[in-house]
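Colleague: Please take a close look at the ligand site. I would like one connected account of the surroundings.

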Amino acid sequence: MAIISRGFTGRRRNDSDRLPPGQYLVEDFPVLSAGPTPRVPLDRWEFAIDTEDGRTHRWTWAEFMALPQETPTADIHCVTRWSKLDTEWQGVSLDVLFEDVESAAEYALVYSYGGYTTNLPVDDLLDGKAWIVHRYGGEELAPQHGGPARLLVPHLYFWKSAKWVRGIRLLNEDWPGFWETAGYHNYGNPWREQRYEGD
Ligand SMILES: Nc1nc2c(c(=O)[nH]1)N[C@H]1C(S)=C(S)[C@@H](COP(=O)(O)O)O[C@H]1N2
Ligand SMILES: [Mo]
């Protein structure tokens, strides 16, 4: 019989390495919404990328669902200090959605049904770092978690992962979004604890 202390193997030690400073782990999936849950019928849903020179690329629900799908597993970190490990999603990589988009813009303002916005550099959406997801844990994404579809950009605090996403506006200058205007950090790297403006 091998004598192995759990504290030195596998999951436990690993998990704490995966927890950014000031965060604690949760097993449940908290809901954080700054307003009511918008209901968007799928036959009226669309996703758009608007370029800095005024062109718009649009996808209907059927067009979006026909794109190549990925199943990212990610750790998510909310600025209110909960983190959840190994969340399982399905959706479309932003790399796929940006394939035919000609743009030199550096900044993105993500906007949602219901009016929420959040900003981030375009680079943080590309190279396998972000998805528009429509399934969570093997099921359709629940409305309170952003269904029918939300942005998932897990390397930044979870407020950047806009629920009920409607589009991305590409900009030559940085426009702060909802929480960024309210004093939260403009970038929001959880490993550097960029919670508030000035952190
Ligand atoms: N449209 C929209 N997206 C949003 C929010 C919101 O209020 N509205 N809250 C953000 C915040 S602060 C967090 S932590 C996550 C919460 O996602 P969840 O409710 O699925 O846990 O969504 C982010 N995306
Ligand atoms: Mo959050």
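Modeller: Ligand 1 has 19 residues around it, and Pro-30, Ala-34, His-145, Arg-150 and Lys-163 come nearest (near: a heavy atom of the residue within 4 Å of the molecule). This is a predicted model, in which local features need pLDDT of at least 70, side-chain atom pairs count only at pLDDT 80 or more, and totals for chains, interfaces and linings use all residues. Residues are numbered from 1 along each chain as its sequence is written, chains are lettered from A and ligands numbered from 1 in written order, and side-chain values use heavy atoms, without hydrogens and water.

The shell around ligand 1 holds 12 nonpolar, 5 polar and 2 charged residues. Here Ala, Val, Leu, Ile, Met, Phe, Trp, Tyr, Cys and Pro count as nonpolar, Asp, Glu, Lys and Arg as charged, and the others, Gly among them, as polar.

Now the polar contacts (pairs of N or O atoms within 3.5 Å). Leu-32 places a backbone N or O atom 2.9 Å from an oxygen atom of ligand 1. For Ala-34, a backbone N or O atom lies 2.6 Å from a ligand 1 oxygen. Lys-163 uses its side chain: an N or O atom there is 2.6 Å from an oxygen atom of ligand 1. The protein covers 97% of the 530 Å² of accessible area that ligand 1 has on its own (Shrake-Rupley method, 1.4 Å probe).

Next, Ser-161. This residue lies in the loop between strand 10 (150–152) and strand 11 (165–171) (strands: DSSP runs of E, at least two residues). The Ser-161 side chain reaches the backbone nitrogen of Val-153 at 3.0 Å. Ser-161 has a relative accessible area of 2%, so it counts as buried (under 20%, with a 1.4 Å probe and protein chains only).

Key
Polar contact = N/O pair within 3.5 Å; in protein donor to acceptor, adjacent residues only side chain to side chain. Helix = DSSP H or I, 4+ residues; strand = E, 2+ residues; numbered from the N terminus. Buried < 20%, exposed > 50% of the residue type's maximum accessible area, 1.4 Å probe, protein only.
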